[in-house]
Each structure stands twice: as structure tokens, then as C-alpha cells.
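Subject: Structure handover and findings

Dear colleague,

I am passing on the structure we spoke about, and below it you will find my notes on what came out of the analysis. Please read them with the coordinates open beside you.

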Amino acid sequence: MAHTTEPTPVVRALYHDDDVLISAVKEIRAAGYKITEVYTPFPVHGLDKAMGLKETRIAMAAFMYGLLGLTVAVTLTWYMMISDWPQNIGGKPNYNWGMNMPAFVPILFELTVFFAAHLMVWTYLVINGLYPGADAQNPDPRTTDDYFMVELPAADGLMDVLKKSGAVEIAEA
Amino acid sequence: MKLLAGSLTLVGLVFLLIGFNTDYSSHAAEGHAEATSVAAHADDHAEVAHAGEAAPATEEAPANAVAHSEEAVAVDMADEATHTESAHAEGVHAEGDHVVEGVATDHAAEGSEAHPAEGHDEHAAEGHGASHDLSANRPWAAFLVNSIFFLGIGIGTLFFLAIQYAAQVGWSAGLIRVFEAVSMFVGIPLLGILFLAVTGGMHMHHLWHWMAEGIMDPASANYDPIIAGKEGYLNVPFFTIRTLAYLVIWAGAAYLLRRNSLREDVLPAGQNLFFTQRKLAATFIVLYAVTSSTSAWDWVMSIDTHWFSTLFGWYTFAGMFVTAMTVLNLLVMYLRINNHLPWINANHQHDLGKFMFAFSVFWTYLWFSQYMLIWYSNIPEEVTYYLPRFKGEYKPLFVAMVAMNFIFPILVLMSRDAKRIFGFIGLAAFFVLAGHWLDHYIMIMPGAVGYDYGFGFAELGGILFYAGLFLWVTLSQLAKVPLKLKNHPMLTESEHFHQ
């Protein structure tokens, strides 16, 4: 019966209030236990800090994507409107890109936003494994309604801490 | 701090007095000796044009007619006879402003630095104008720039305070007293503008070109049919009444919001005047929606009397709002450093920083919307506004202003951490404030003084004067009462604010 690959048993504690959840998370971490995951029906402000998650780097990624979009837009407008097929629209100067630039600003703006927003969403989904058709990883469907769940590996003395922290239901799996 | 504020006000006042007693025309004459001679021509031009116009004066000046007149001048301004003929032939109301800009384009296109032509511009810009030249407007214009800039701090904050109540905002409840203190300042720059309106009406200056003598009178040599067509709105009594109305509405709203908030403090615990405040705030916002636009048209846009832009009011408002957010950021930062606001944390500062960042972008959006439509359509009557600003001598200032108001805040304040670090906020605040001062300067100066601009005692004096009064009013209002509201229903929410 040497099932060494079997996962370590986890404890799942349910809470009924987001404020209780945050203080519970703080208490559990203060008692020295490591939280694996928290499931909530909506984003809870301040939870990431309470859990001690490291800062997201998506902002930097978004900035890079924005720059990429800007570069694409500059290249696109320059190639199409100046280099390959210069067009006289409303008598606006098309001798070089700079002279015609004010007309391109909406394009520059839109493509910057488009690239930043879309690539950021895709990055987020890929990093979190939330691609379309992915299986739900939710251990308890009630956390999609009005319950909050803290999941952590079982350990000695954990039950007391969880009970004291205001959990309404504790299950071991 | 009170000592500092008082001395700033006094020094500013002295500088202002020096500024008002300086003769700005002398330095212009020294600078360009030829200017006067060309200016004489300009006056001739203007008179000739008016003579031509008096006969076939119709109500609307078609855009192409104006264009013709510009060409006429641009083609050969030395040959007066030709010009006279063409002006007659077209039956054009060749009014000063357009003539000027025509010349300005021509001159800028050559890329020459011919100052005589500019001398011409500024005189012809007054055009129909009376005997004195535009440089006499300089201290008044400088005072208007400072009045509008500092008004922005007060009115922007008052509007922000009203939003807090109307939208039932929770996070800012702990900062309401700071907003109140700043918004109580709104009356002072308004009094300054009222002073300018009255002195303008008394012909002590012609900052607003339409106030010039005889400009609405068909019999006068100064008659300008386009401006005369706007007489129903742009006349001195109505103008003064409007300015007075803004004073009453804005300063009144600031006073009432403050008074109710103080009354709320003495109520028994658990009772509040939140919904009274909310009604008051909502009423003010509706009134401000109208008055923010009309005040910008009155005080700033009517300087370039012929020109108009429908989004000018929002553009001015956006600039004022950013200025207010920046000053609030600095003030909250100052109070936090001195431990006066222990219930306010970096998250609140972050939110104020977001407003500063977002409205810098919003200002740029409106600025560009106005610019691009005019650039694209390229209609002479609209383009006149941007010629001195984008082709003339103001170009370096204009470009620097856009960079300071857009590129700096966006790069400095974009990251999350920067909005929480005092050094970054201070750096961005410096550029944003300087940039928006410059923005108001460029809005007002080309129309009011032509190219006789500069930065001297009048400008600096106005800044010190208002800065001193601002510190005095705000800090004494802050010191008078506890910095924390007692019965505001969202106070707890504000204390626990995090993100």
C-alpha cells in the first residue's frame, strides 16, 4: 500500500463573509500555516495582500503590449499612407509621416489600447489556465454563490485555528 | 505657515504693483525698431479695410471671403494700393484678426524671424482698436492668467467635493475637510476676475477685444460686424452680471457645503445631513455643467472674439480639474507627512493620484480633439487660433506645454507604486502645475497681447499673490475645525479603504 504519489490531504474551510475571510486568512498565516488557494464568488479587495501573494507583473506586460501596439500602428500608417501608396486626403500633407501625424493619432491610440487590452486578457487567461473548455477546478460550487473557501494542506492544530477564525464549515479531503 | 502665506501675498502684491506700472511698450519698441513703422502701415490697412467694409456690410462673412482677404494681404503687403483695391473688390469685411493671421502664416511659412511682421501682427490684431497698442494689456492679461489658474484649484476641488456627495463616495469621506478648505478659496480668484471685468468695462484695458470702444457701432471706424453680431451675449453689463452670477453660485455652493458639514458635527452621534448635502451637491453640479462652459467662453474664449470652439468649456474645465487634483495631492501629502491625517493611508493617496493621471489624459484628449478637428478642416476662421500658437512665436511654449501636461504625467504616474511615493507625486505635480499654468497662459496671451508676451513682475506677482492667499485661506480653514468629520455615514468605510 505504498501510495507515495497520493496528494497530501487538504483541509477546506468555508466562510460566509468576505470581511471574516480576510481576517481569517490573516490569522491562519499568522499562526504559521501556508494557504494553498482561496475560492471566492467575487474579487475581494485586499485578499491578495492578506494572502501574501507576490505583486502581479501584468502591468508591466500591459505597458509592453501598448508599446508594441503603438509600433504596429506607426508602421502600419507609415507603410500604407506614406510609403507604399501616398494618398491625398483633404489636402493634408503626405510628404512624410510626421507632417501627416495628427491624422493618425486616433489610429495610434486605438491600436495601442487594442493591443494592450487584448494581449493582457490572453496573457491572464493563459497564465491562470482559464482557456475556453477548461475543466472547472472548483471543489465546492457554493463558492460561486455566497461562500468563501480557504484551501490548505492538513497539519497539526490547524482545526482549532480554523474554528477560531470563524469558519462555518470545515471539511478534510 | 501663516507668516509665509502673508508674506507671499504681500510680495506678490508689490510685484503686481510694479508689474502694472511697467511700460511694456517701451521694450517692444527697443526690441524691434522697425516695428513701429510697420505698425503704422498696419493701422492704415485696418482703416482701409473698414472703409471698404462699411458700404456692403452684410451680416455673415463667408469663410472664403475671409480667405480672400488673407490672400490679398499675404500676396503683397507692401503694395497698399493693390491691397485696398482687392479688399474693395471682394467687398470683404477684412477684419483685423484675419488679416493678421494671413500675414502670420506667410511669415511663418518663410521660416524667417522677421520681427517687423510680428510688430504688424500685434497692432493689427487690435485692429479696429483704439489708439493704444496691445502691450498695455500685458499686466491685466497676466492677472487674468493667474486668476484663471488659481480659480481652477478652487472650482475643481469644489466640483470634486460635490461629486463625493452626489455619487455617495465612501473612500474619500476622511478627506472631505481638506476638499472643503480648498474649495472655500474659490471666491477670491472670482473677485479678481470680477475686478478685471469691471475695469475692462471702464476701458482701463481691452483684454477682451470686444470691449473696445465703438466696435459695435456701425458709424465708428472701429466697427466690426462679426463682433457686433455677438452683441446680444458679449456686452459689458451682461458679462459683468454673468461673472457675478458665477461668483454667487460657486462661492455660495462652497459656503453652503462647508456650513452644513460643520452643522453635521454638532448633531448627536448617528445623525447626519448627508442627504441635504447630496441635494445641494447635485444642484450645484447641474448649475456647474452650464456655468463651467459659459464661464470659459466669457473669460477666455471671448479674448479671441471671432474664433469659437464648442468644446472649449470642457477643455478649460479639464485643465482646471487636473490642477485641482494635483494641488489636492500635494496638500494631502503635506498633511500626511506632518501626521495630521493618521486615518488616511497610501491607498487614498493612490486614488487621488489616479485622478491626477486620468484627467491629465482626459485633458490631452480634449486638447487634441479641438486641435485635430481644426487642423483637419483647415478653415481660415478656425485656424486663426492656432496660427500664433503653433506657427508663430508661441510654438516652443505650446509644444513644451503639451509635453508637460501629457508625456510627463503619463510616464511618471503610470505605475502603481509611483502614485504612492511622495517623490514621484511631487515631481509629476510640479510639471502638471507648471504645464497648466502655461496652458492658460497660451490660451490668453496671444489674443490679449499679441507677441508682447513675457514673464516679469506682473506674472510672478500674480502667482505669489494668489499662492499666498490660497495658503492663507486653505490652511486657516483647515486649522479652524477638526480634520475629521464626526457623523459622516461613510467615515468607517473610508478608514478601512484598501485596494
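In this predicted model, helix H8 of chain B (residues 138-166) and helix H13 of chain B (residues 274-299) have axes that come within 8 Å and cross at roughly 150 degrees. Because angles over 145 degrees count as roughly antiparallel, H8(B) is roughly antiparallel to H13(B), and the crossing of these two helices is left-handed. On the side of H8(B), the residues that take part are B:Ile148, B:Phe159, B:Ala162, B:Tyr165 and B:Ala166, and they meet B:Gln277, B:Arg278, B:Ala281, B:Ala282, B:Phe284, B:Ile285, B:Tyr288 and B:Trp299 in H13(B). Sorted by class, the residues of this contact comprise 11 nonpolar, 1 polar and 1 charged.

A second pair within chain B is formed by helix H14 (residues 312-337) and helix H19 (residues 422-449), whose axes come within 9 Å and cross at roughly 150 degrees. H14(B) likewise passes H19(B) in a left-handed crossing. From H14(B) the contact draws on B:Gly319, B:Val322, B:Thr323, B:Thr326, B:Asn329, B:Leu330 and B:Met333, which meet B:Phe422, B:Ile425, B:Ala429, B:Val432, B:Leu433, B:His436 and B:Asp439 in H19(B). The class division for H14(B) with H19(B) is 8 nonpolar, 5 polar and 1 charged.

Turning to chain A, the secondary structure consists of 5 helices and 4 strands, and along the sequence these elements follow the pattern β-α-β-α-α-α-β-α-β. The domain assignment places residues 10-53 together with 143-172 in domain 1 of chain A, and residues 58-128 in domain 2; the centres of these two domains, taken over C-alpha atoms, are separated by 45 Å. As for overall dimensions, the C-alpha trace of chain A spans about 80 × 40 × 30 Å along its principal axes, and its radius of gyration is 26 Å, whereas a compact globule of 173 residues would have a value near 16 Å.

Where the two chains meet, 8 residues of chain B are in contact with 7 residues of chain A, and the side of chain B that touches chain A is made up of 4 nonpolar, 3 polar and 1 charged residues. The crossing in which H4(A) passes H15(B) is left-handed. A:Pro102, A:Ala103 and A:Val105 in H4(A) meet B:Phe368, B:Met372, B:Trp375 and B:Tyr376 in H15(B), and by class this contact has 7 nonpolar residues, with no polar and no charged ones.

Definitions and conventions:
Residues numbered from 1 in each chain as written. Chains lettered and ligands numbered in written order. Predicted model: local features only at pLDDT ≥ 70, side-chain atom pairs only at ≥ 80, totals over all residues. Axes fitted to C-alpha atoms, helices over the stretch in contact; angles between N-to-C directions. Parallel < 35°, antiparallel > 145°, perpendicular 65-115°, else oblique. Left-handed = near helix turned anticlockwise from the far one by under 90°. Nonpolar A, V, L, I, M, F, W, Y, C, P; charged D, E, K, R; others polar. Domains from an automatic or database assignment. Rg over C-alpha atoms; globule rule 2.2 N^0.38 Å.
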